[in-house]
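Please read it alongside the sequence and the coordinates.

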Amino acid sequence: MTQHQRLLIIDFGSQVTQLIARRLRELNVYCEIHPYQNVTDAFLKDFNPQAIIFSGGPDSVTRPGSPRPPALAFDMGVPILGICYGQQVMMQELGGLVESGHGTAEFGRAFVTPSDAQLSLLDGWFAEGREQVWMSHGDHVSKIAPGFHVYGTSPGAPFAITADPARRFYAVQFHPEVHHTPRGAKLYENFVREAGFTGDWTMASYREEAIRKIREQVGDKKVICGLSGGVDSSVAAVLIHEAIGDNLTCVFVDHGLLRLNEAEEVVTMFRDNYNIPLIHADESDLFIGALEGVSDPEVKRKTIGKLFIDVFQKYANQIEGAEFLAQGTLYPDVIESVSFSGGPSVTIKSHHNVGGLPEKMGLKLVEPLRELFKDEVRALGRELGLPAKFIGRHPFPGPGLAIRCPGEITREKLEILRRADAVFIDQIRKHGLYDEIWQAFVAILPVRTVGVMGDGRTYDFACALRAVTSVDGMTADYYPFTHEFLGETATRIINEVKGINRCTYDITSKPPGTIEWE
């Protein structure tokens, strides 16, 4: 295995810990995230990090039994950066003091101003006198640890930036990893430079190591891969095929929840570009039959997840020697279901392809993209030479249109939704906006509204248009269409799609919303 310079991120349960890894990967730094409870003295000695980052987290260091890093972390002689909870736990463990309440909680945008002292971590900061940051803390540091000095303050955090330069220990109360801290990436760049990283981790090296790991895991056994036609499963399939050749068989499951003409397009696109065995499994009656009348979103997701497993088992049984199931699981899927590697973050929603497989299935998982964000998957796709039409596709969820159909699922509603969604995407392409948008779709609402068309009364469904911009899927903003575009699109949908008489546009960002409706 290639021995990269290694940075360890100790996860205390923040929902955005993976964004720390993403910032470091942008700097070509190899890093791994491990939950605090797994980081023992023996683990630290074996991992031998060149630097350590303590993530944020939802707990309070004032609570007895709250998460702590091993004391050895502070004695290894390597730079440490503490973020939010990570700052607080550093202060508490090194002789400072953290308190709860007293009106110093901060959530959201804040501004940090510098002290007079200079600090290499802050090179490139404060050119305009203050920096916007993103705060999310209830507790606050009330006394810094011996050896630390203050280098930045905010209205709610008098110790917003602290450091002990002699030991190369740095701590910030805010989250530099999120986009709401505009120059946060510069802090990470300064930190890894201080730690002596040369940037020796690239997508080319990831490709090589992923192929090696797949070969080690699979050996001469056979793999079936769930292919949806999206960028994740397509990149996973091509990567695995490069590793094991014809021991891979792809299974494209048509669950009846796809977009208009999607099954034919995906199968044709894949067969025209790759000589990989592909099974087109039309299981739409099975899925739709199980989902008709279901309205609870968690039940939808879990029903679909179970049926996917049943279907893959069915086709695995037809392939002699198939022992592995490959999936295009990504970091955001994992963090929204359960913290990566079993950390303590809060579950947001179930994902059909996260959480392992039941023992009765008899297959083991291959998930070569599990530690990548969407943009990294696209970079890997380019590295693998995938056509642009694969790499540029908008994300499409595994549960498909089921989670764009709030309320009860019926065949009628799905058909209306397909046609409305096709018009919306056609409009986006027609106006040259497709590549500016991360994801766009229509949701059919579980209400009917009164309308008038010609001289007649209508009583049909309403729909919501949704389009967002994002970098990694962890946060997103709605796309600012012009009113002319929205008006033209609504007119087309209402005129061309029988069953819809009202259109709305969803302007909710993530957070507080999610990208999908369910």
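1. A residue is termed buried here when its relative accessible area is under 20%. The model under review is predicted. By that cut-off Phe-12, with a relative accessible area of 1%, is buried, and Tyr-85 is likewise buried at 2%.

2. Aromatic pairs number 21 in this model. One of them joins Phe-12 and Tyr-85 in a tilted arrangement, with 5.3 Å between centres and 45° between planes. The two residues are 73 apart and connect distant parts of the chain: Phe-12 belongs to the loop between β1 (6–11) and α1 (17–26), whereas Tyr-85 is in helix α3 (residues 85–94). Ring pairs also place both in a cluster with Tyr-36, Phe-54, Phe-74 and Phe-169.

3. Helix α9 (residues 297–316) contains both, at a separation of 4 residues, about one turn of the helix. Phe-308 is buried at 12% relative accessibility, as is Phe-312 at 6%.

4. For Arg-6 the ring is that of Phe-47, with its centre 4.0 Å away; for Arg-130 the ring is that of Phe-111, at 3.7 Å from the centre.

5. How many disulfides does a search of the whole structure find? The count is 0. Cys-405 is buried at 0% relative accessibility, and its sulfur is too far for a bond because the closest cysteine sulfur, in Cys-463, is 12 Å away. Cys-503 is in no disulfide either, and its nearest cysteine sulfur, that of Cys-463, is at 3.4 Å.

Conventions. Residues are numbered from 1 along each chain as its sequence is written. This is a predicted model: local features need pLDDT of at least 70, side-chain atom pairs count only at pLDDT 80 or more; totals for chains, interfaces and linings use all residues. Side-chain values use heavy atoms; hydrogens and water are left out. A disulfide is a pair of cysteine sulfur atoms within 2.5 Å. Buried means under 20% relative accessible area, exposed over 50%, partly exposed in between (1.4 Å probe, protein chains only). Rings of Phe, Tyr and Trp (its six-membered ring) pair if their centres lie within 6.5 Å; planes under 30 degrees apart count as stacked, over 60 as edge-to-face and the rest as tilted. A charge sits over a ring if NZ of Lys or CZ of Arg is within 6 Å of the ring centre and within 35 degrees of the ring normal.
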